[in-house]
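Please keep the sequence and the model in view while reading.

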Amino acid sequence: QVQLVESGGGLVQPGGSLRLSCAASGNIFSVNAMGWYRQPPGKQRELVAVISSGGNTNYADSVKSRFTISRDNAKNTVYLQMNSLKPEDTAVYYCNVKNYRLGYEFVYWGQGTQVTVSA
């Protein structure tokens, strides 16, 4: 099992910045991916950014050049630096960890943290 604890959400004005953190504990496999998804009000959950255990990253087109995902493997923590925030970035942000082993994928979610971008 894997437990995820998110922090760093809040209210920010357009153009501002926030940094989300997600600390993972439990059984983290050596081959894994850590990432962030978000669910805007009334919409489906969508991928924001993901980083593999090898350091490869992938971003949604809507956040490229504004958001940066990183990880500290020693702390099993993933970060999302969000700059130039827009009202359309308002959503509940969820941390996600995928463990991979022998062709199987094990998926874990955090409880979510609210990010509101408003003047």
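## Overall fold

The model discussed here is predicted, and the protein in it has zero helices and 11 strands. Read from the N terminus, the order of elements is accordingly β-β-β-β-β-β-β-β-β-β-β. The radius of gyration is 14 Å, close to the 14 Å that the globule rule gives for 119 residues, so the protein is as compact as a globular protein of that length.

The C-alpha trace spans about 45 × 25 × 25 Å along its principal axes, and 44% of the 119 residues of the protein count as buried.

## An open sheet of four strands

Four strands form an open sheet in the order S1-S3-S8-S7, and their pairing is antiparallel. The edges are taken by strand S1 (2-7) and strand S7 (67-72); each has a single partner strand, so one side of each is left without a neighbour in the sheet. From one strand to the next, the twist averages 15 degrees.

Strand S7 and strand S8 (residues 77-82) run antiparallel and are joined by six bridges. Within this pairing, phenylalanine 67 has methionine 82, in S8, as its bridge partner.

## Salt bridges around arginine 38

Side chains of opposite charge can pair when their charged atoms come close. The structure holds four salt bridges, and arginine 38 takes part in one with glutamate 46, where the N to O distance is 2.7 Å. What is the relative accessibility of arginine 38, and does this residue count as buried or exposed? Arginine 38 counts as buried because its relative accessibility, 4%, falls under the 20% limit, whereas glutamate 46 is partly exposed, with a relative accessible area of 33%.

Arginine 38 also forms a salt bridge with aspartate 89, in which the closest N and O atoms are 2.9 Å apart.

Lysine 64 is partly exposed, having a relative accessible area of 42%, while aspartate 61 is exposed, with a relative accessible area of 64%. Through salt bridges that share partners, Arg38, Glu46, Arg66 and Asp89 are joined into one network.

## A nonpolar surface patch

Leu102, Tyr104 and Phe106 form a nonpolar patch on the surface, and together they have about 390 Å² of accessible area. Phenylalanine 106, one of these residues, lies in strand S10 (residues 104-109). With a relative accessibility of 36%, phenylalanine 106 counts as partly exposed, because that value lies between the 20% and 50% limits.

Notes. Residues numbered from 1 in each chain as written. Predicted model: local features only at pLDDT ≥ 70, side-chain atom pairs only at ≥ 80, totals over all residues. Heavy atoms only, no water. Pairing = 2+ DSSP bridges. Helix = DSSP H or I, 4+ residues; strand = E, 2+ residues; numbered from the N terminus. Axes fitted to C-alpha atoms, helices over the stretch in contact; angles between N-to-C directions. Salt bridge = Lys/Arg side-chain N within 4 Å of Asp/Glu carboxyl O. Buried < 20%, exposed > 50% of the residue type's maximum accessible area, 1.4 Å probe, protein only. Patch = residues over 30% accessible without salt bridge, like charges linked within 9 Å, V, L, I, M, F, W, Y side chains within 5 Å. Areas by Shrake-Rupley, 256 points an atom, 1.4 Å probe, with all protein chains shown as cover. Rg over C-alpha atoms; globule rule 2.2 N^0.38 Å.
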